[in-house]
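Thanks for coming, everyone. Please look at the structure on the screen, and then we will walk through it.

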Amino acid sequence: TYTTDTKSKENKQTIETLSRLSVDIKKIRRLKEWVLLQDVAYVKEIAGILQEMGAEETAVANILERCPEAILHSPAEINSQRTLWQLVCQNEKQLIKLIEQFPESFFTIEYQENQKANILFFQELGLKNNIITRFLTSAPSIFCNPVEKNRSVIETLQRNYLSLGGSDANMKIWILKLLSQNPFILLNTSTAIQENLEFLQKNDFTDHEVLQLLSKLKGFIFQLNPTTMQKSMLFSKNVFKCSDEELKQLVLKCPALLYYSVPVLEERLEGLLKEGISVVQIRETPMVLELTTQIVQYRIKKLAALGYDIKSGTLESLSGTKKDFEVSYGKIQSKKERPIFNPVAPIHIED
């Protein structure tokens, strides 16, 4: 609710200019009313820059509705950000498309110096521009870091990769793949990365196995800590009643046993047991624990409709990505629909 008192404090000129641009003022009042209370705003100028880049009128209105704080930045700041993003965009058409999709990321301009230094560092590292633009839009926080911090994390990863037996020739590809899959590893400290790797080694994972886990976990291991990993491993050991060596093999087969916290693993296990699936079946195909209870229930229902009883079969057809499941489902379906052909049955031909 907006009192007359609140409205009286709003910047009338800002409201009028936004209205002329067909911006939904009610939406801004509901989401970010503070923007309308500022004395200084550059509505006309920011709209002009966006139009100059090729944004249609409706796109400009949409951008300002989603990210009204854009109008509080000076034209000089926005043009500076525009120049910065052009370092990785093919042209202004691509740039304006990105701004339309991710206005909040583009108008986060407090760390321009860090942004520029990090863009140049990522290019120097060998990351393709399309990957860097993906980082700018989906992981803008990594650009807030001073470049020295990001460089330090990368150097720690490179050092560990080599010490674990990785080759110089493959190191660059490995680092770039890891970063592409999970840029948020840069938000960790070099110390945290070191501690997690040492934890695995203390738990008798060989260097080769640790390297294998790093690749399988897509960098998520760096967002964990030894305490949570220890708890998750202990939980799995008790549930599956296995030895240390058997547990290690299960973790290598399904790194989710290391990655997910005990409450998450508990909930997923409970969901599977409720569906009549046994602990023995789960131990044979632990990858099924990577799926949420809702996904498991949906897949079981779909397979049951084909007459496939998950309780007596393998869980292989249940696990995997959406694409993997669709392939398994398709095979079971075609098997069910295929007519039984008897090669020695007589052929009836009408005269």
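Which residues in H15 meet which residues in H18? Before the answer, two ground rules. This is a predicted model, where local features need pLDDT of at least 70 and side-chain atom pairs count only at pLDDT 80 or more, while totals for chains, interfaces and linings use all residues. Residues are numbered from 1 along each chain as its sequence is written, and side-chain values use heavy atoms, with hydrogens and water left out.

Now the answer. From H15 come Lys231, Ser232, Phe235, Ser236 and Val239. They meet Val262, Leu265, Glu266 and Leu269 in H18. Contact here means heavy atoms within 4.5 Å. By class, this contact has 5 nonpolar, 2 polar and 2 charged residues. On the classes: Ala, Val, Leu, Ile, Met, Phe, Trp, Tyr, Cys and Pro count as nonpolar, Asp, Glu, Lys and Arg as charged, and the others, Gly among them, as polar.

How do the two helices lie? H15 and H18, the latter covering residues 262-274, pack at an angle of about 30 degrees, with axes 9 Å apart. Axes are lines fitted to C-alpha atoms, for helices over the stretch in contact, and angles run from 0 to 180 degrees between N-to-C directions. H15 and H18 are therefore roughly parallel. The cut-offs: under 35 degrees is roughly parallel, over 145 roughly antiparallel, 65 to 115 roughly perpendicular, and the rest oblique.

Next, a second pair. H5 (residues 57-66) and H7 (residues 92-101) pack at about 45 degrees, and their axes are 9 Å apart. That makes H5 oblique to H7. Ala59, Ile63 and Arg66 in H5 meet Ile99, Glu100 and Gln101 in H7. This contact has 3 nonpolar, 1 polar and 2 charged residues.

Step back to the whole chain. It has 21 helices and 0 strands. Helices (H or I, at least four residues) and strands (E, at least two) are DSSP runs, numbered from the N terminus. The C-alpha trace spans about 85 × 75 × 50 Å along its principal axes. The radius of gyration is 28 Å, but a compact globule of 351 residues would have one near 20 Å. That radius is taken over C-alpha atoms, and the globule rule is 2.2 Å times the number of residues to the power 0.38.

On a 1 Å grid over the protein atoms alone, a cavity is a set of points where a 1.4 Å probe fits but cannot get out; a pocket is an open set with protein on both sides within 12 Å along at least five of seven lines; lining residues have an atom within 4 Å of a point. Grid points are joined across faces, edges and corners, and a volume is the space filled by probe spheres set on the points.

How many cavities of 30 Å³ or more are there? The count is 2.

Phe235, Ser236, Val239, Leu265 and Leu269 are among its lining residues. H15 and H18 each give two or more residues to this lining. H15 gives the most, with 4.

Of its 16 lining residues, Lys216, Lys218, Ala256, Tyr260 and Glu290 are the closest to the centre. The lining has 8 nonpolar, 2 polar and 6 charged residues. The second largest pocket has about 190 Å³. Helices H15 (226-240) and H16 (244-253) each give two or more residues to its lining.
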